[in-house]
Amino acid sequence: MEFGSFLVSLGTSFVIFVVLMLLFTWLSRKSGNAPIYYPNRILKGLEPWEGTSLTRNPFAWMREALTSSEQDVVNLSGVDTAVHFVFLSTVLGIFACSGLLLLPTLLPLAATDHNLKNTKNGTDTTSKGTFSQLDNLSMANITKKSPRLWAFLGAVYWISLVTYFFLWKAYKHVSTLRAQALMSTDVKPEQFAILVRDMPSPPDGQTQKEFIDSYFREIYPETFYRSLVATENSKVNKIWGKLEGYKKKLARAEAILAATNNRPTNKTGLCGLVGKQVDSIEYYTELINESVANLETEQKAVLAEKQQTAAVVFFTTRVAAASAAQSLHCQMVDKWTVTEAPEPRELLWQNLNIKLFSRIIRQYVIYFFVALTILFYMIPIAFVSAVTTLENLQKIIPFIKPIVEITAIRTILESFLPQIALLVFLAMLPKLLLFLSKAEGIPAQSHAIRAASGKYFYFSVFNVFIGVTLAGTLFNTVKDIAKNPKLDMVINLLATSLPKSATFFLTYVSLKFFIGYGLELSRIIPLIIFHLKKKYVCKTEAEVKEAWYPGDLSYATRVPGDLLILTITFCYSVIAPLILIFGITYFGLGWLVLRNQALKVYVPSYESYGRMWPHIHQRILAALFLFQVVMFGYLGAKTFFYTALVIPLIITSLIFGYVCRQKFYGGFRHTALEVACRELKQSPDLEEIFRAYIPHSLSSHKPEEHEFKGAMSRYQDFNAIAGV
């Protein structure tokens, strides 16, 4: 990419962000848009603009985000969200401290050397104009065997030491944050329960429930309360789902009657498009009555005949539950497997009956399938990254040459085409990885999201970082390598491919933080969808609530996306130090934008009390390890005699990861008894705790409305006051 194209890309992205920020400032002040920009506050029963400024200052939201405390985030969005901000601030600290030393040191050293100029007329693969002016500020401009390489080696040590310091500090902080949340005096159902799997078959004459009750009552005679045996619920869930659908359609028909004074009708065939014409209210009332009768019959059959070898077991105290979750209950590892129970809302009931060895086999099979997926995606992504350069496109599609020769079009295509193609490819993957993670037999939604996030991270590193770095170079030089397959040429190829991709990744990161966070802040797309649905589709309160409900932060894609930027910034921080500025901007702006969204927009769908942090910590270390390996190879390609001094850093990273896991991870895997023994402000209602885990399809009472409870009436009262 030429330097002019890079500036156009950066400038265009910045202008788009400013426009989107101004749109956010204007649109978020309109009362009719409150459910889009303040849903979290509305659901908490707070006024949308309480404690905020209604000024037209487009930077007011930044001040509000900066002045908010970590406890504000915990109160409004939970511990998991607060831990995500620890991640963002930790990485921001690493890059800021690294940049303070590297930018004023390495940039002058690179700019005043003459490697690129000296090789201009040589045989080096960089001689054909493949480097832009930006590369004069990178390590590519350092002459081989130059003593200046000592400074770059020192930079590798500095970044590594800074990372160790911030990661250790962050792990301690998150551990404290998790402990404080678990020591809360509030009653939380999951702290009184354990999850039991791999139960053996009951003796003759006993049901599964009688067997598990007698087993745990014998071990915990004073603290065992009762058990909830998992059942095969596929049929009852289907009936319950249809019943809920009929209720929504009946409510919609009644709303239409109230608004128009005309009784609505519908056809009974496919999607209401064919079949007999009937009165909607009478029709859906009849279907509801039939479904209720079928549901009650199936519930009795499920509870009596479809009990499975898994259960949630409840105790009278938090200490008893925490102690039981950490104990070995059977001599054989594949019997009576016990873990802490997840929250009721995130339990994956369909996975509980999967046996231990089956889970292990599933895990390895899925890992193998994911590895194949990574390799499969490597081919199209590498092809896209290579082909979407204008030079290669003109070779493949000659007739577009007159079009791309137009300066304005050429500049725009060079600025955005490869990056947009890459983002589109990546957007297709997360749902597949989440599905595969659940197929492993994981019992909780949060655990499945962590597993999917890990798969997505490694996919991104292999396909985006490694694939894009090598693809373009290999595409252009494969003929030369075939003619002259010498080892020194291959090494030279790998060495030159890294700095040549630096400009691409600078543009990629800027596109992510300017346009990505601009769309995140402005919420233009959710706003348009909400108003279209509200005007043309929604007839009932429930439909309006569904139209504006925001969901959570989507950790399955957000965390690996941030970790990819972290990996790119790490690996180019010494080779092309300018990327540190972009990394600092990405995580700094991300902290501000997401702080606003966490306090006002997103509603957590579960709470795992920071269980994502060990996963994040491990991937940050993996990125650091990759950075150290890359620098070992690149310094070697520069024929720097003291390259071997990087090896102690690689070993230190492995030792650091091991020490952190031994010291901190146990507190995330289990709840410490010193944490669980804290007094509660009121005695727990054990029956209410038990009922919290009953699936809605098996509940004999009307389910709670969960997060929506009371929110819509609050929204209506607000609109009435505002005159909307």
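Accessible areas come from the Shrake-Rupley method with a 1.4 Å probe, and for residues only the protein chains shown count as cover.

I kept in mind that this is a predicted model, where local features need pLDDT of at least 70, side-chain atom pairs count only at pLDDT 80 or more, and totals for chains, interfaces and linings use all residues. Residues are numbered from 1 along each chain as its sequence is written, and side-chain values use heavy atoms, leaving out hydrogens and water.

**Patch.** I found a nonpolar surface patch of about 540 Å², made by Phe-632, Ile-647, Ile-651, Ile-655, Tyr-658 and Val-659. Helix α26 (residues 647–664) gives the most to this patch, with 5 residues; helices (H or I, at least four residues) and strands (E, at least two) are DSSP runs, numbered from the N terminus. I looked up Ile-651, which sits in helix α26, and Ile-651 is partly exposed at 45% relative accessible area (buried is under 20%, exposed over 50%, partly exposed in between).

**Sheet.** I then traced 4 strands forming an open, antiparallel sheet in the order β2-β5-β1-β6; strands pair if DSSP finds at least two bridges between them. At the edges are β2 (224–231) and β6 (337–340), each pairing on one side only. Between β1 (residues 193–197) and β5 (residues 307–315) I noted 4 bridges, and Ile-194 has Val-313 in β5 as its bridge partner.

**Whole chain.** I noted 30 helices and 6 strands, with 52% of the 724 residues buried.

Methods
Patch = residues over 30% accessible without salt bridge, like charges linked within 9 Å, V, L, I, M, F, W, Y side chains within 5 Å. Salt bridge = Lys/Arg side-chain N within 4 Å of Asp/Glu carboxyl O. Buried < 20%, exposed > 50% of the residue type's maximum accessible area, 1.4 Å probe, protein only.
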